[in-house]
Amino acid sequence: MDVDFRRANDDHACVLRLTLPARATVGESFQLIELCNEAEREVGEVEVDCSRTKVFGPFGVALIASVFSTRRKSGRPTGLTPPLDPDASAFAEEVGLTKFAVGHRAGLRTLELREMTALDAVYTDSVTSMLTHGVPGMTSENSYTIQLCLNELLQNVFEWSESPIGCIVLARWYKKSRSVRLAVVDRGIGIPAALRRERVRALHRQSDADVIEAAVTTPRLTSRANQVGGLGLKTIRETVCSRRGRLTVVSLAAKLSWSGDRLSRFKSPPLRGTAIEIDFRPDAEVPDEPGYTPLF
Amino acid sequence: MARIHIATEYQSKRVTRSDGAELRAAIEKYWADAEPVVLDFSGVRIASVSFFDESLGRLALLHPVEELTTRVKVENIDPADRRLLDDIVRSRSRERTESDSAPFPG
């Protein structure tokens, strides 16, 4: 267990207190997943302690929120100790983490943390519309890629993840880097299991990381038996990486991150489900394909 | 000439593969008509690989692209949607051609 985690059993209330590290971003996925796993193993009350956390990212917030959803679904009480750091505290409020922890649902016209149980075009329209109207310099054209990525990520969750909580979604705009970050976390069977189940292209004999790499890079690879598919994750990677962004996929025991043409693999404790974060500049210029002529 | 107004007919059901399959079934109803079926995308942005792939992408796997573009006309589509749709149809059309020209196994 990492030193950033502190397990303390309160003698009187028998609450398992799990302390988050100083940073709760995609970079700390290893520690955060260990925390999730410990929280989900615990039958009694759990207190997720963010008091020491100074920096949150969409991945970290969505993953923590998934713990609340999972435990709530099985009727297990879970509390949240808010961050002491004023910036982190403001962020937790702004993204709706503190409200989420006590079971409040986000309204439609907000970018707050959201638990989704079905894919609805109204939501993805609303997110892109809010970004188009609320972010200086963001145009309808630029926001297209955000809507595209969000639709594909959600389509994947609801088509095959079998996640009992649906998924947790968080979209954030970062003014300084002019980038958007989207995190989608489900607690289903995971990308590798979905592809192995259909015994697609002998992937059942490969590691989780190899299967995820194939799912993201191989055209036409799909878990859909005898049907079309396999363009979604590949399109997301191309969209994000062509805009100098980063795509991170954590599923079961693998974590992979694409940035430009570079793929990095990281050690990861097993996560039940899939957690994805994309981070890119929607306004980054992408060279036009030469000789393009419309078909329709 | 049959006309399908996507925003009216599909409302918010225009993202998923099952939504795309419904559009494909609607197009196939008019496939034998002398006139092409018109898909009118006014007032709506799709931004979904799944929807386009399951509707027109899948038709591009079944029919030559020349036949598809003769039988289906697209109007008032968002430029980015047009680009995405074209990419998907071209990709599926290549897949169709490759499978047609693949040697017999064994």
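Trainee: How does the radius of gyration of chain A sit against a compact globule with 296 residues?

Mentor: Chain A has 19 Å, which agrees with the value near 19 Å that a compact globule of 296 residues would have. The radius is taken over C-alpha atoms, and the globule rule is 2.2 Å times the number of residues to the power 0.38. Do keep in mind that this is a predicted model, where local features need pLDDT of at least 70, side-chain atom pairs count only at pLDDT 80 or more, and totals for chains, interfaces and linings use all residues. Residues are numbered from 1 along each chain as its sequence is written, while chains are lettered from A and ligands numbered from 1 in the order in which they are written.

Trainee: Thanks! What box do the C-alpha atoms of chain A fill?

Mentor: Roughly 70 × 50 × 30 Å, taken along the principal axes. Of the 296 residues in chain A, 48% count as buried. Buried means 20 or more other C-beta atoms within 10 Å of the residue's own, exposed means 12 or fewer, and partly exposed lies in between, with C-beta atoms placed from the backbone.

Trainee: How many helices and strands does chain A have?

Mentor: Chain A has 9 helices and 13 strands. These are DSSP runs numbered from the N terminus: helices are H or I with at least four residues, strands are E with at least two.

Trainee: And which domains is chain A divided into?

Mentor: Domain 1 covers 1-104 and domain 2 covers 107-284; the bounds come from an automatic or database domain assignment. In chain A, 21 residues of domain 1 are in contact with 23 residues of domain 2, where contact means C-beta atoms, placed from the backbone, within 7 Å.

Trainee: Which element gives the largest share of the domain 1 side?

Mentor: That is α2(A), with 10 residues. The elements giving two or more residues to that side are α1 (29-41), α2 (58-73) and α4 (97-101) of chain A. By class, the domain 1 side has 12 nonpolar, 7 polar and 2 charged residues. Here Ala, Val, Leu, Ile, Met, Phe, Trp, Tyr, Cys and Pro count as nonpolar, Asp, Glu, Lys and Arg as charged, and the others, Gly among them, as polar.

Trainee: Switching to strands: do β10(A) and β11(A) run parallel or antiparallel?

Mentor: Antiparallel, with 6 bridges joining β10 (residues 246-252) to β11 (residues 254-259). Strands pair if DSSP finds at least two bridges between them. A hairpin through 1 residue joins β10(A) to β11(A), and A:Val249 stands opposite A:Leu256 in β11(A).

Trainee: What does β11(A) do with β12(A)?

Mentor: β11(A) and β12 (residues 262-266) of chain A pair in the antiparallel sense over 5 bridges. A:Trp258 stands opposite A:Leu263 in β12(A). Their hairpin has 2 residues between the strands, and A:Gly260 takes a positive phi near 60° there.

Trainee: Now chain B. What pattern does it follow along the sequence?

Mentor: Chain B reads β-α-α-β-α-α-β-α. Its radius of gyration is 14 Å, close to the 13 Å from the globule rule for 106 residues, so chain B is as compact as a globular protein of that length.

Trainee: How many residues of chain B are in contact with chain A?

Mentor: 26 residues of chain B are in contact with 21 residues of chain A. The largest share of the chain B side, 9 residues, comes from α5(B). That side divides into 10 nonpolar, 6 polar and 10 charged residues.

Conventions
Two residues are in contact if their C-beta atoms, placed from the backbone, lie within 7 Å.
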